[in-house]
Structure formats: structure tokens, C-alpha cells
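Visitor: Hi! Could you walk me through this protein, one part at a time?
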Amino acid sequence: MIIARNDKEITVRIPDRIGIMGEVSRIVADRGFSIIAANGTVNRGTCTLRMITDDNVRACEALVRENFDAIMEDVVVSEMPNRPGILKRVTQILAQENILLERLYFSSSHDQQICNVVLNSNNDVRALVLLN
């Protein structure tokens, strides 16, 4: 069973440098928040970190207080069984309905029964309906 919901992700854009993910992680952890899923990319010297925490509002506020360019953006977060083929199933459902994925990342470990999939698309409202 897939359970999808609207949520927010924290997006941080900063000049890339060694240790930046550690610095962001430290700020979040020092405030007592857990990172549920995260993704990082670098393009032309700019690092974009995206994350879901167990308290996005307060984690984002903490990053802003530390002078990070942190904002919250809409995403769909889905909890689904952690089994072979589940991501294939999800992406096929969305593709059949002409949902264009703009980004997708997930978190899981080998021994977990559930994985978290975070996505943003050209039609998050429709994606939410399809996944539920």
C-alpha cells in the first residue's frame, strides 16, 4: 500500500565547498531534528540541498538564522513498501497519466519495510491522487 501526502521540503542553495553537507546536518541535528530524506546536487559551483525533516518549519528557521538561503517548497511524500519494483510501479503510474517528474529522491535501508519517496512534478495534485 502506498500512502502519499502533500508536504514541504527544505531547499538550501549555497556556493559549493567542502563540508557544507556536514555543516547543514550539524545545524539540523543540534536543534534535535532528524533528516528523513535528503538529496544534494552541484551545478556550476552552486550546491542545492533538499531535505525532509521531522520538523521542516523549525529546521528551516534554524538554517535561516545561521544565514543559509533556505526556503520551503511543495512536494509529495509517499510511504511505500520497500520491495523490488516499487519505484518502477510508481513511475509507470505517473508516466501513464503524463505526470512529468521534476525531481525524485528517496530514503530507505536494506532492512526497512517502508521507504520514503519525495517527488515534485508538473502536477503534484494529480500525482497525489494517483498514488493514493
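This is a predicted model: local features need pLDDT of at least 70, side-chain atom pairs count only at pLDDT 80 or more; totals for chains, interfaces and linings use all residues.

Visitor: Which residues in α3 are buried?
Guide: Helix α3 spans residues 86–96, and Ile86, Val90 and Leu94 are buried there. They sit on the same side of α3, because they cover an arc of only 65° around the axis.

Visitor: Why do residues spaced like that point the same way?
Guide: An α-helix has 3.6 residues a turn, so residues three or four places apart point the same way.

Visitor: And what's on the face turned away from the buried side of α3?
Guide: There you'll find Lys88 and Gln96, which are exposed. Just after α3 comes asparagine 98, with a positive phi of about 60°.

Visitor: Okay, new topic: the sheet. In what order do the strands come?
Guide: The sheet is open and has six strands, running β2-β3-β1-β4-β6-β5 with antiparallel pairing. At the edges are β2 (35–43) and β5 (101–107), each pairing on one side only. On average, neighbouring strands are turned by 30° against each other, ignoring direction.

Visitor: How many bridges link β2 and β3?
Guide: Eight bridges, in the antiparallel sense, with β3 covering residues 46–53. One example is asparagine 43, whose bridge partner in β3 is threonine 46.

Visitor: Which helix packs on the sheet by β1, β2 and β3?
Guide: That's α1 (residues 20–30), which touches those strands and makes an angle of about 30° with the direction of β3.

Visitor: What about the largest nonpolar core? Which members touch the most others?
Guide: This core has 17 residues, and Ile10, Val12, Ile14, Leu63 and Phe68 touch the most other members. At least two residues each come from β1, α1, β3 and α2 (56–65). There's also a second, separate core of 14 residues, including Ile86, Val117, Leu119 and Ala127.

Visitor: Why would nonpolar side chains gather like that?
Guide: In soluble globular proteins, nonpolar side chains tend to be buried together.

Visitor: One last thing: is arginine 50 buried or exposed?
Guide: Arginine 50 is found in strand β3. Its relative accessibility is 14%, so it counts as buried, the cut-off being under 20%.

Visitor: What does the side chain of arginine 50 join up with in a polar contact?
Guide: Its partner is the side chain of glutamate 9, at 3.4 Å. Further along the sequence, arginine 50 also touches other residues, among them Glu73, Arg103 and Tyr105.

Key:
Residues are numbered from 1 along each chain as its sequence is written. Side-chain values use heavy atoms; hydrogens and water are left out. Two strands pair if DSSP finds at least two bridges between them. Helices (H or I, at least four residues) and strands (E, at least two) are DSSP runs, numbered from the N terminus. Axes are lines fitted to C-alpha atoms, for helices over the stretch in contact, and angles run from 0 to 180 degrees between N-to-C directions. Contact means heavy atoms within 4.5 Å. A nonpolar core is a set of buried Ala, Val, Leu, Ile, Met, Phe, Trp, Tyr and Cys residues joined through side-chain atoms within 4.5 Å. Buried means under 20% relative accessible area, exposed over 50%, partly exposed in between (1.4 Å probe, protein chains only). A polar contact is a pair of N or O atoms within 3.5 Å; within protein, one must be able to donate a hydrogen and the other to accept it, and residues adjacent in sequence count only if both atoms are side-chain atoms. The arc is that of the directions from the helix axis to the C-beta atoms.
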